[in-house]
Amino acid sequence: MDIKAYIESGIIESYVLELASPEEAAELEQLMQQHAQVRQAVDAFSASLEQNALNSAVAPPPALKETVMAALMQQANNQPTAAAPFPLRELKSNTLPGAAVVRSAFWKYMAAASIVLLIGSAALNVYFYNGYKTAYTKYQALLSTQNTMQASMDVYKAKMDDMDESIKVMNDPATRMIKMPGVAGHENSLAQVYWNQSSKNVYLSTGNLPATPAGKQYQLWAIVNGQPVNAGMVDDCAGLCKMLTIPNAQAFAITLEKAGGNAAPSMDQMFVLGKV
Amino acid sequence: MPEIKKYSESELVMLLKQHEQHAFGYLYDSYSGALFSVILSIITDRELAGDVLQEVFVKIWRQIDSYDDSKGRLFTWMLNIARNASIDMVRSKGFQNSRQNRELTENVYDSSGTTQTNTDKIGLRKIVQTLKEEYKVLIELSYFQGFTQEEISRMLNIPLGTVKTRLRNALVQLRELVKT
């Protein structure tokens with residue numbers, strides 16, 4: 001082999017600049033061992049490259065040295081064995097399963113949280129349903145109480161209306177009051193007739209009459225020119241009971257008759273009598 | 001470098017292989033500027049170049065055991081680490097994105113292209129610029145951009161044998177230029 005031609009072929013520079021193929025590099029390394037000129041040529045080109053680089057050196061930022069030295073110290077501390085030359089890469093590949101563990105732990109927590117939420121939600125459903133049932137029962141009770149109150153209010157209102165009407169009748173200046181004291185045998189009984197002289201309406205106040213036996217009813221009579229005229233049946237009314245209209249009468253009387261009344265009074269059953 | 005050399009190269013290599021901290025301090029003081037210029041001949045961005053320099057020293061620390069002085073000088077070994085690290089950085093996705101952004105900005109605001117020619121003014125790359133065009137492009141693509149000769153053959157549509165021969169001739173010329 002012509003070593004001089006070999007050295008001049010450019011293979012030396014290819015090798016030093018790492019542009020040679022592995023085969024070329026292996027061949028050169030072998031020749032370097034055998035021929036001092038080859039080694040010298042490699043060293044000479046390397047030295048001039050080194051000198052060139054040193055001549056054109058650009059100082060890195062001054063603070064960088066500290067960073068670099070710190071990075072090297074970190075390497076020194078992290079260096080586990082010489083057998084593991086790339087701990088950084090191993091660390092990198094370890095971060096992936098590590099992330100997977102974190103992620104699966106995350107989903108475990110999520111699943112646990114979901115179950116807790118579900119149980120909590122079910123418990124709240126039971127709690128709220130019980131509350132709803134209690135409230136519904138109370139509402140029904142209130143509703144029936146309210147209905148009862150409304151009903152009794154209607155009753156009172158009707159009575160009030162009657163009383164109101166009675167007071168109006170009694171206060172009317174055209175109304176005459178005729179007292180009907182109890183006749184012999186019924187001294188304790190008492191009733192009044194209010195007779196409006198302009199409208200001729202007759203109202204009865206059953207102030208103090210004994211309770212009627214079953215099947216019996218009081219009947220008011222107007223005595224017109226000595227003849228009894230039916231003035232109406234006495235019902236259970238709160239204030240004044242409106243009776244039949246009587247245009248003319250000299251007296252009023254009440255007898256106890258069969259329910260529904262009679263055409264003529266049973267004179268032995270007279271309770272009260274009052275002259276106009 | 002103006003510093004007085006404290007170690008012979010074989011002493012330094014021995015201390016580096018023992019991961020002596022002060023040996024790395026000395027290595028940094030002696031060679032960080034030269035290695036930084038090698039990185040700057042490939043990477044324009046000084047901040048990124050600083051990152052790469054740090055990476056280079058970490059690699060030296062980790063791989064010093066694999067350095068074999070029978071195969072070449074220490075600096076040559078470090079220079080190739082610096083060149084490979086720089087090319088790796090240029091080829092990384094993050095660098096491509098940042099360069100695209102920068103080029104976009106430059107196209108809009110700065111047409112002088114000063115940052116783009118920076119790498120051509122440093123060290124070996126500056127010398128390469130003085131070679132004739134057909135040599136310059138081969139060293140540019142192979143040494144500074146890291147393409148294989150097969151790739152260059154396809155890119156330039158030149159037979160592989162021609163690429164090989166022409167590159168060898170270019171390197172012989174380069175050697176003469178570097179010597180002076």
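The model is predicted, so local features need pLDDT of at least 70 and side-chain atom pairs count only at pLDDT 80 or more, while totals for chains, interfaces and linings use all residues. Residues are numbered from 1 along each chain as its sequence is written, chains are lettered from A in the order in which they are written, and side-chain values use heavy atoms, with hydrogens and water left out.

**Chain B**

- Chain B has 10 helices and 0 strands; helices (H or I, at least four residues) and strands (E, at least two) are DSSP runs, numbered from the N terminus.
- Of its 180 residues, 49% count as buried, where buried means under 20% relative accessible area, exposed over 50% and partly exposed in between (1.4 Å probe, protein chains only).
- Among contacts (heavy atoms within 4.5 Å) in chain B between residues at least 6 apart in sequence, 58% join residues at least 24 apart.

**Nonpolar cores**

- A nonpolar core is a set of buried Ala, Val, Leu, Ile, Met, Phe, Trp, Tyr and Cys residues joined through side-chain atoms within 4.5 Å.
- The largest such core has 87 residues, and those with the most contacts inside it are Leu27(B), Leu35(B), Ile60(B), Leu74(B), Ile139(B) and Leu174(B).
- Helix α2 (residues 21-40) of chain B gives this core its largest share, 12 residues.
- A second, separate core of 23 residues includes Val202(A), Leu204(A), Val234(A) and Met243(A).
- Leaving aside residues up to four places away in sequence, Leu74(B) touches Glu9(B), Leu12(B), Val13(B), Leu16(B), Leu27(B), Ile64(B) and Tyr67(B).

**Helix α3 of chain A**

- The buried residues of α3(A) are Glu24(A), Ala25(A), Leu28(A), Leu31(A) and Met32(A).
- Seen down the helix axis, these buried residues fall within an arc of 130° (taken from the directions from the axis to the C-beta atoms), so they line one face of α3(A).
- On the other side of α3(A), Pro22(A), Glu23(A), Gln33(A) and Gln34(A) are exposed.
- Cover for the buried residues of α3(A) includes α1 (3-8), α2 (11-16) and α4 (36-55) of chain A, together with α10 (160-179) of chain B.

**Positive phi in chain A**

- Lys200(A), in the loop between β2 (190-196) and β3 (202-208), has a positive phi of about 70° although it is not a glycine; Lys200(A) is partly exposed, with a relative accessible area of 27%.
- Asn225(A), also not a glycine, has a positive phi of about 50° and is exposed, with a relative accessible area of 60%.
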